[in-house]
Amino acid sequence: MSNSDVQEYVTVTIAGQLFGIPVLQVHDVLGSIQLTNIPLAPNEVAGALNLRGRIVTCIDVRKRLGLPSSEEESQRMSVVVEHHGEPYALLIDNVGEVLSLKTDQLEMNPATLDHRWREVSSGIYRMEGKLLVILQIDRLLDFAGSSVAA
Amino acid sequence: MTMVSELVLTRNQLLQMVRGMDDNEFTVPLQRLSHVTTELQEGLMKTRMQPIGNAWSKLPRIIRDLSHDLGKKIDLVMHGAETELDRQVLEMIKDPLTHMVRNSADHGLETPDERLKAGKKETGRVVLDAYHEGGHIIITISDDGRGLNSDKIKKKVIENGLATESELEGMSTQQIQSFIMRPGFSTAEKVTNVSGRGVGMDVVRSNIEKIGGTIELKSEEGKGSVFTIKIPLTLAIVSALIVECAGERFAVPQISVVELVRASTDKRSDNTIEMINEAPVLRLRDRLLPLVHLNDILRLETAADEVAEQSDVKGEEEFIIVTQVGAYTFGIVVDRVFDTEEIVVKPVAPILRHLAIFSGNTILGDGSVIMILDPNGIASQTGENVIGDHTHEEEATRNAAETDKVAMLICRAGGEEPKAVPLSLVARLEEIEVDTIEHTNGQMVVQYRGKIMPLVTMSEDSKIVETGRQPILVFSDNERTMGLVVEEIVDIVEDTLNVEMASNVEGMIGSAVIRGKATDIIDVGYYLQKCFGDWFGSSESTAYGSSHSSQRILLVDDSPFFRNMLVPLLSVAGYDVSTAENPMEALAMRDAGREFDIIVSDIEMPEMDGFQFAEEVLNDDRWADTPIIALSSHTTPQDFDRGRQVGFSDYVAKFDRDALMNTLSQTLRAGGGAR
């Protein structure tokens, strides 16, 4: 088994569903944070936060995926990723572990998946007892008419 | 540079922490650190400063080439080339400056022949000037060329659909000229190698605004144009005012803040926010300042309401940040103002770039992230084009306010509380010797200018002084005069008049707030009638003809004051008066099948003005024959012409009661004769 066949993912849970984020893209995992609200921002933008002197834009992944917002607002964690040199914090419910998974086991998204999910997911892993949805960061951050690329 | 910015921020953060606890072992070293940081920052700034001449070095060459290509003689004069500014800023204004100088040479200056014809020197001049002012650097680019042709711009504006003809009508020359800084605008007839490709001044403007600067334009046709650019000295660290709105904090760059005003919605403070048709304004010294509520702009209203419910801070006291963007001054209403802080402007994340309202964000001393408001963005968010038509808007509001202003005579009579009467109704103010008052037939009279003038008092209990002189207000109509006895003539004020409470007391129209005091408005009509039952009875101004009572008038006026004022006058004169608050109401009456002999309509009304109303009336058979008389508080010949065109039978100034009466009877006579 060569290294290229294996991808490592950080697993996170959002609304009970397991998601995977490529570990190399993750810069930080943050506990509860102080957010600054940004008025007029797209709905998915939860606010901005100060991460060691850098201003990080926080994205509410629940909203991005069209899920209802969490009741335990304060308990949430976030994963900081970088996209085009800009840091973004992804607001999620919980962070799990790091998994090494074989790339050939990645399965296509089922056609019946919600289009918002299909948009951001690069595939599904069948795990024991549950399914792991792999998130594509660049797609995840590419909302509201691809204004990120601009 | 960013490193020093970070250092400054960290220093601020530490200072903030130490400020909380007094007498700390950290205090002294921190002060030292703070000192060093400031010095380092200043030192670095100095090394970054470069003379603006560096950006100008290429200009003489460009001008020389241009003069060769265009066959013009051009003299380039540069003042203040040694003025220093931040390298970064310099880089950013280099291209806009070059473009503008080119513009001046190409569009601005005429050919030598044209110049000679216009009586100018053959050689045109383009003058560049740079100097410091406050924390800004001011650069002016002026030429002595042909200036901007307003008519040409107007034509172009209409062609490009940037504004309608009627909108242009109300604009000042400067506003019209400012259109050249709108996107997609070029007045050059020929597209030349040099300029005229429609990408020009708007790009210059957006580049300058990007670095927090402003650009203004002044031009006189035939004499030349002057562009004034105002830009901050440095971008790295700016001083910002921290404000709170709806529980959120925001930073406003200090450079755009002119002043802070504390206002209350009740009467406790000197400054109160007033409303003109739901548009908040503030009277600030000699001008009317349009206001925007920050929570409205940021759509934080619901949140604010919740906060207000919890703390009821809102509504009692508000802070207004008077902000200037270009020539446009407006106020931003916020809930609280904290202190100023040095901040490092960091660009916002790309996904938020489309929010014009934020120029960036930063980290405050306490470690929290704060959004930096962009006054330019706020100005354009509120529907104002920063350089374009803002003054127009402003003037409109000012006009609206002035329309409502009425000169009132304040006096005291029959009680302590002030009474007011529209000055235009008063013929003269007199003081009469008490000895000269005589009594005939139970009525006090005085001989006045060879005639007998009856005197009336405001109420039964108001007394006439025993000796000395008694002030009276003289009301006069043709040959009749009446004196109204008052105790004291206090003042004449010009104020907006809003009759807020109708009065049940005879002789009073109602109460209004004049100069912050509740004031009774005297119903002159009542006293006139009391004095001479036939005041209007036999004179020229009687209602037309014998059918005294049957003349039906519809009075359309949005101001309750004028309705209240005119209705008694007209009723006394024998007309049957109906009123409508606005043209819509009047048209509803038409639809309901009501008929009138004559319509008296105000011109300035919200939603539908008198002109539109007249057109509506004429376009429908039912009322097409009904004559309409226009009432207006400011009459210009243009208004008059327009009024006639759309079908007003006549035009009367709002306060000219005699003219109104005469016009009414004349019009009715003419109309009646024709029918």
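**Note on the two-chain model**

1. A search over all chains of the structure finds 14 salt bridges (a side-chain nitrogen of Lys or Arg within 4 Å of a carboxyl oxygen of Asp or Glu). This is a predicted model, in which local features need pLDDT of at least 70 and side-chain atom pairs count only at pLDDT 80 or more, while totals for chains, interfaces and linings use all residues. Residues are numbered from 1 along each chain as its sequence is written, chains are lettered from A and ligands numbered from 1 in the order in which they are written, and side-chain values use heavy atoms, with hydrogens and water left out.

2. Start with chain A. Glu82(A) forms a salt bridge with Arg54(A), and the closest N and O atoms are 3.4 Å apart. The pair links distant parts of the chain: Glu82(A) sits in strand 6 (residues 77–83) and Arg54(A) in strand 5, 28 residues apart. Helices (H or I, at least four residues) and strands (E, at least two) are DSSP runs, numbered from the N terminus. Glu82(A) counts as partly exposed because its relative accessibility is 28%. Arg54(A), at 39%, is also partly exposed. The cut-offs: buried is under 20% relative accessible area, exposed over 50%, partly exposed in between (1.4 Å probe, protein chains only).

3. Now chain B. Arg146(B) forms a salt bridge with Glu114(B), again with closest N and O atoms 3.4 Å apart. Arg146(B) lies in the loop between strand 5 (136–143) and helix 7 (150–159), Glu114(B) in helix 6 (residues 112–117), 32 residues apart. Arg146(B) is partly exposed at 33%, and Glu114(B) is partly exposed at 37%.

4. Lys223(B) forms a salt bridge with Glu220(B), at 3.3 Å between the closest N and O atoms. Lys223(B) is exposed, with a relative accessible area of 57%. Glu220(B) is partly exposed at 45%. Elsewhere, a network of salt bridges links Glu110(B), Arg115(B), Lys120(B) and Asp144(B).

5. Next, the interface. The contact (heavy atoms within 4.5 Å) takes 24 residues from chain A and 25 residues from chain B. The two chains bury about 1900 Å² between them, and carbon and sulfur atoms give 69% of that area. Buried area is the accessible area (1.4 Å probe) that two parts lose on being put together, summed over both. On the side of chain A, Pro39(A), Leu40(A) and Ile55(A) lose the most area to chain B, together 34% of what that side buries.

6. Which salt bridges cross between chain A and chain B? The rule finds 0. Strand 4 (45–51), strand 5 (54–60) and strand 7 (86–92) of chain A each supply at least two residues of the side that touches chain B.

7. Chain B has 21 helices and 35 strands. Of its 675 residues, 50% count as buried. Among its contacts between residues at least 6 apart in sequence, 65% join residues at least 24 apart.

8. Helix 17 (residues 583–591) of chain B has buried residues Pro583(B), Ala586(B), Leu587(B), Met589(B) and Arg590(B). Seen down the helix axis, they fall within an arc of 150° (taken from the directions from the axis to the C-beta atoms), so they line one face of the helix. These buried residues pack against strand 31 (552–556), strand 32 (576–580), helix 18 (610–618) and helix 19 (621–624) of chain B. Just after helix 17, Gly593(B) takes a positive phi of about 90°.
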